[in-house]
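Visitor: I would like to learn how to read a protein model. Could you take me through it step by step?

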Amino acid sequence: MDEIDTKVKNFLINFNTSGVEFNCLPSFSLQQELQRDYLRYRGIHKCKLILACIIFALGKHYFSYVFTNEDCFLEMPHQLQRSFRPPESCNFCRDIRNVPRITNVDPDEFEQKYAYTGGPVIVTDATVNWTATEYFDYWFFKEIYQTYGRRKGAIKCQFFPYQTGFRNIYEALSLDEARVRYEIGTEPWYFGWSNCDPVILQKLRQHYGRPYFLPKSSENNAVDWVFMGGHGLGAHMHVDNVRLPSWQSQLKGAKEWILAPPPECYYSCNFMSVVVQTGDTIVLDTNKWYHKTNVLSGEISITVGAEYD
Ligand SMILES: O=C(O)CCC(=O)C(=O)O
Ligand SMILES: [Fe+2]
């Protein structure tokens with residue numbers, strides 16, 4: 001029982017604290033897996049059937065995109081998500097016309113000037129000692145997930161397929177070589193996922209750390225996010241619904257960020273576009289700024305990031 005409880009608890013903790021975009025309910029298969037453990041333990045077999053039928057019927061009827069992402073059973077429609085967002089005061093974006101680029105910044109100064117104002121700001125030297133810029137690539141992640149992702153007790157985390165239609169990280173990491181290399185005639189790809197499994201997290205964190213400029217009192221999140229993919233794709237325009245601001249380091253390639261104020265601030269704030277180059281770390285409150293990304297031509301873009309408090 002303890003083992004089952006911990007599994008469910010871990011999942012819920014991760015699900016609630018991890019999201020770059022907390023805009024979905026856990027998927028059918030994930031719910032089923034968790035429920036299977038619980039219900040088998042308690043011997044409530046009838047409930048299992050009824051619950052599965054209700055979820056299936058509801059989902060099939062109202063949401064055509066059910067099952068496109070294995071980690072989400074129902075996605076919260078974007079309009080609904082936006083309607084529930086409380087209005088911003090616009091102080092976070094007033095008078096901001098461009099994104100400052102700073103180097104060698106003291107954490108106290110960063111805390112005072114940037115950490116909790118909503119940003120955006122780019123720190124240019126946070127990745128200098130990280131080996132992730134060298135080691136991380138498609139094949140590195142494939143190897144890690146093949147080795148540790150399927151082990152007994154591994155924790156499933158969130159996955160964003162964007163336009164690819166991939167259902168999970170394993171499908172995303174099963175592309176043929178030509179597609180991985182973006183050879184002419186192959187379909188482009190871009191996806192993101194959270195790393196909430198402690199074993200995988202530990203393997204990845206051997207190659208990067210907590211950015212040096214974060215306020216000393218801020219603790220690192222137990223979940224890191226990776227976004228990876230090539231030219232022409234990126235995340236659609238959205239605003240997040242998580243608790244905290246976040247950092248994201250560009251380990252390979254370059255990506256354009258298009259930032260928009262929330263609609264209530266259109267008259268007081270500006271739209272902006274900024275290119276984050278390899279080695280740069282962008283910091284912003286993605287709960288306030290609407291944002292869209294676009295991978296630039298050249299190397300496959302790989303980023304790692306997390307929320308901070
Ligand atoms: O890097 C991306 O493409 C999207 C990232 C994002 O949406 C976020 O960090 O909130
Ligand atoms: Fe986001």
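Visitor: In what order do the three strands of the open sheet lie?

Guide: Strands (E, at least two residues) are DSSP runs, numbered from the N terminus, and so are helices (H or I, at least four). Two strands pair if DSSP finds at least two bridges between them. Here the order is 10-9-12, and the pairing is antiparallel. Strand 10 and strand 12 (290-295) are the edges; each has a single partner strand, so one side of each lacks a neighbour in the sheet. From one strand to the next, the twist averages 20°. For such angles, axes are lines fitted to C-alpha atoms (for helices, over the stretch in contact), and angles run from 0 to 180 degrees between N-to-C directions.

Guide: A word on the source. This is a predicted model: local features need pLDDT of at least 70, side-chain atom pairs count only at pLDDT 80 or more, and totals for chains, interfaces and linings use all residues. Residues are numbered from 1 along each chain as its sequence is written, while chains are lettered from A and ligands numbered from 1 in the order in which they are written.

Visitor: How many bridges pair strand 9 with strand 12?

Guide: Six, in the antiparallel sense; strand 9 covers residues 255-260. For one bridge, look at Trp 257, whose partner in strand 12 is Thr 293.

Visitor: Is Val 275 buried, exposed or partly exposed?

Guide: Count C-beta atoms, placed from the backbone. A residue is buried if 20 or more others lie within 10 Å of its own, exposed if 12 or fewer, and partly exposed in between. Val 275 has 14, so it is partly exposed. Its place is in strand 10 (residues 272-276).

Visitor: Which residues does Val 275 touch, beyond those up to four places away in sequence?

Guide: Contact means that two C-beta atoms, placed from the backbone, lie within 7 Å. Val 275 touches Ala 254, Glu 256 and Leu 296. Leu 296 is 21 residues apart from Val 275 in sequence, yet their C-alpha atoms are 8.7 Å apart in space.

Visitor: How many residues of strand 13 are buried?

Guide: Seven of the seven, so strand 13 (residues 301-307) is largely enclosed by the rest of the structure. In a regular strand the side chains alternate between the two faces of the sheet. In strand 13, Ser 301, Thr 303, Gly 305 and Glu 307 point one way; Ile 302, Val 304 and Ala 306 point the other.

Visitor: Which strands does strand 13 pair with?

Guide: Five bridges join strand 13 to strand 7, antiparallel. One partner pair there is Met 228 and Ile 302. Strand 8 (residues 246-252) is also antiparallel to strand 13, with six bridges. Here Trp 247 stands opposite Ala 306.

Visitor: How many residues are in the largest nonpolar core?

Guide: In soluble globular proteins, nonpolar side chains tend to be buried together. A nonpolar core is a set of buried Ala, Val, Leu, Ile, Met, Phe, Trp, Tyr and Cys residues joined through C-beta atoms within 7 Å. The largest here has 43 residues, and Trp 193 and Ile 282 are among those with the most contacts inside it. Strand 7 (residues 224-229) gives the largest share, four residues.

Visitor: Where is the cis peptide bond?

Guide: Most residues other than glycine have a negative phi, and most peptide bonds are trans. The bond from Gly 119 to Pro 120 is cis, with omega near 5°. Pro 120 sits in the loop between helix 5 (107-115) and strand 4 (121-123).
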